[in-house]
Every structure is written in C-alpha cells, then in structure tokens.
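Please look through the briefing below alongside the model.

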Amino acid sequence: MKISLFVVAALAVATAGQAAILWDNNIITNGFNGRAISPPAFPNIRVVDDIIAPVNWWVNRVRFNILEDTTFQHGGTIEVYWYNDVNGQPGGSQIALWTSTSYTRTPVGSYFGRPAFEYNVDFGQLLVIAGHYWIGPRHPNGSGSGTAYWMTSDGGPDGAGTSTGYFSLDAGTTWQPEGAGWHHAFVFEGDPVPEPATMLAIGAGLAALAARRRRK
C-alpha cells in the first residue's frame, strides 16, 4: 500500500476497539444516478462530495458504492483525493491523495445493466484534522473499455444536510455542481482523536492501576 498525503495525514499506532462510523452518507445507493469517475474513458474527471470533521479523526477505512461497466478493469489500485472547502464548494488545488492497493470489492447488486460493488478501502490509521473537506474515489489504473461510476444515495444521516456533490472535467481546475440533492454513497470509519483532558484522565487511570498492581 502506498500513501501520499499533503496536509491531513499521519500514521499512528492502531487503537484498540471497534472502529466507529465517523461520516455516514449511506453506503446503500438509491439507484438513481452514477457519475463516471475513472479512466480510461474519463482520464481527467474528478467527482467529490463533502464531509465535515467536527474534531480530529483517526480514519482507517472508507467505503464506496461503485458501479462498473462489464468490460471495465479496476486495475488493482484506488485513489481517494481531497480538496479544501471554499465558500461551500471544492476549491484550490488538491490537498491530499491516498493511494491504496489494500481494498476489498464485494458485489452488491446491479443497476442499469451493470454490476455494483462496495469498495472497502483500508488505510491503516490516518489523521484527519477537524475541518470541511471534499473527497472522491478514482481508479488511476483503470483499463478495458467504459468506466466506473460513483453511485448516489439519499445522503444518509450526515450527508443529506450538506451541499450537493461536484464534478470536474479538467482534473480539478474548475468545478460544476451536480443536480440538487445529489449525494454520493460512501461511509468513513475510524475513531475521534481523544481530547487532551481525556488523554490525561486515561493516563492517570492507567498509572493508578499500575500502582495498585505493584502494591499487590
């Protein structure tokens, strides 16, 4: 797995326990729309939807619902790219890029005569600083004919109240909004970063436990 990050990345020791859903845009598609996301048919397209991290997050997995032309080859690599938010839309240059070969691809039905897959992309443990971002997936090594499509959802409990998605036909130089209420099917998983006071309390508790064990 290769990870290339510019502003929101850090590796850390994995924390114990089950990862939680940090952002739920609903992984289950509503079956209405899908925006092309990958080469070879669309080498310069970028498609994003927004997320809001109210606190710092440790992200270890992102899941997408992606439709594929039957002759499309996914190429064994997936990218997740990031843009900052500028006045409610993606702006500026790309700020981060996660490139991974560590993912699973599970069939989840079909739409428009094409198979759909749930992509589970594993990133280990990466730090996302609190803020408003725009993210999207892409198969940089896609081949064959046709393309893949990032399917839409109802926005779930988190995305439904945010802006519609955006797409770019010139690799992120300019952006255009999707249709009203057009949300993409994805989920972020991980854990919030503990606040300093919480970390101190945990440290104090562990120290007290160790002291009791020594006395025994």
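A contact means heavy atoms within 4.5 Å. Of the contacts in the protein chain with a separation of 6 or more, 82% are between residues 24 or more positions apart. This is a predicted model, in which local features need pLDDT of at least 70, side-chain atom pairs count only at pLDDT 80 or more, and totals for chains, interfaces and linings use all residues. Residues are numbered from 1 along each chain as its sequence is written, and side-chain values use heavy atoms, with hydrogens and water left out.

**Confidence**

- The pLDDT (the predictor's confidence in each residue, from 0 to 100) averages 85 over the protein chain, and 82% of the residues score at least 70.

**The whole chain**

- The protein chain has 2 helices and 17 strands; these are DSSP runs numbered from the N terminus, with helices (H or I) of at least four residues and strands (E) of at least two.
- Of the 216 residues in the protein chain, 46% are buried, where buried means under 20% relative accessible area, exposed means over 50%, and partly exposed is in between (1.4 Å probe, protein chains only).
- The accessible surface (Shrake-Rupley method, 1.4 Å probe; for residues, only the protein chains shown count as cover) comes to about 10,000 Å², and carbon and sulfur atoms account for 56% of this.

**Strand β5 and its partners**

- Strand β5 (residues 57-68) is largely enclosed by the rest of the structure, because 11 of its 12 residues are buried.
- Two strands pair if DSSP finds at least two bridges between them; β5 pairs with strand β10 (residues 114-128) in the antiparallel sense over 10 bridges.
- β5 also runs antiparallel to strand β17 (residues 186-192), joined by 7 bridges.
- V59 stands opposite L126 in β10 and opposite G190 in β17.
- With β13, β5 pairs in the antiparallel sense over 3 bridges, and E68 stands opposite A148 there.

**Strand β17**

- Since 6 of its 7 residues are buried, β17 is largely enclosed by the rest of the structure.
- Strand β2 (residues 20-24) pairs with β17 in the antiparallel sense over 4 bridges, with I21 opposite E189.
- F188 in β17 is the bridge partner of V62.
- Leaving aside neighbours within four places in sequence, F188 is in contact with residues including A20, L22, W23, R61 and I135.

**Nonpolar cores**

- A nonpolar core is a set of buried Ala, Val, Leu, Ile, Met, Phe, Trp, Tyr and Cys residues joined through side-chain atoms within 4.5 Å.
- The largest core has 38 residues, of which I51, W57, F64, W82, W98 and F188 touch the most other members.
- β10 supplies the largest share of this core, 7 residues.
- A second, separate core has 7 residues, among them Y83, L97, Y166 and W175.

**A loop residue, T77**

- T77 lies in the loop between β6 (72-73) and β7 (78-86).
- Is T77 buried or exposed? T77 is buried, because its relative accessible area is 10%.
- Not counting residues up to four places away in sequence, T77 touches T99, S100, T101, Y103, R138, H139, P140 and N141.
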